[in-house]
Amino acid sequence: MQSLENYLGYWLFYAQRCVAHAFSEVLAAHCEERGKLYVVTPPQWGVLLQLHETDGLTVGTISQKRGVDAATITGIVRRLEQSGLVERRHSHEDRRVVKVYLTAEGHDIISSLMPVAEDFQQIMTRGFSQEERQDLLVKLQQIIANVSTVAAGAGDRFGLLPDSMFCRQSEDMR
């Protein structure tokens, strides 16, 4: 039997927890430095960034794009709304559809956090060449593609990986 330290899953889980904790601290420090009465959390950052890329999405669309269930996204959006960073509006085309939009404060904080997030990414990949960074991304995507064949709901259940990952994996399995 292998020791715990020899299992890749152990290190992936541990790395994710370390990264999430450190990023949470960085986001909180930035909000405090700017005198904000709120703190942006890593899950909130993901939603804000998604809305920065495409404003006016439904909770369902955010859920799909972020790979997080809709109930969780609803809670995140509610907290962002309470902080004045997003607002929900009924669609002009169909009043039954509610879309989420960044507010002026949301645009302000996302703009100020962009360089912070980029600096954090540089810290995470310190000592990696550009080729090594790209290789790491490809390997992580391959792990996700691999586990998606093991159990329903595992791996890329939200369709976040490039289609080429699954094409390559299915060819490799022949």
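A residue counts as buried under 20% relative accessible area, as exposed over 50%, and as partly exposed in between, with a 1.4 Å probe and protein chains only. Cysteine 18, at 37% relative accessibility, is therefore partly exposed, whereas cysteine 31, at 0%, is buried. A search of the whole structure finds 0 disulfides, a disulfide being a pair of cysteine sulfur atoms within 2.5 Å.

This is a predicted model, in which local features need pLDDT of at least 70 and side-chain atom pairs count only at pLDDT 80 or more, while totals for chains, interfaces and linings use all residues. Residues are numbered from 1 along each chain as its sequence is written, and side-chain values use heavy atoms, leaving out hydrogens and water.

The chain has 7 helices and 2 strands; these are DSSP runs, H or I of at least four residues for helices and E of at least two for strands, numbered from the N terminus. Their order from the N terminus is α-α-α-α-β-β-α-α-α. Of the 174 residues, 26% count as buried.

Which residues make the nonpolar surface patch of about 390 Å²? They are Leu8, Leu12, Phe128, Leu136 and Leu140. Helix 1 (8–33) and helix 6 (130–147) are the elements that give two or more residues to this patch. Areas come from the Shrake-Rupley method with a 1.4 Å probe; for residues, only the protein chains shown count as cover. Phenylalanine 128 lies in the loop between helix 5 (104–124) and helix 6.

How values were computed:
Patch = residues over 30% accessible without salt bridge, like charges linked within 9 Å, V, L, I, M, F, W, Y side chains within 5 Å. Salt bridge = Lys/Arg side-chain N within 4 Å of Asp/Glu carboxyl O.
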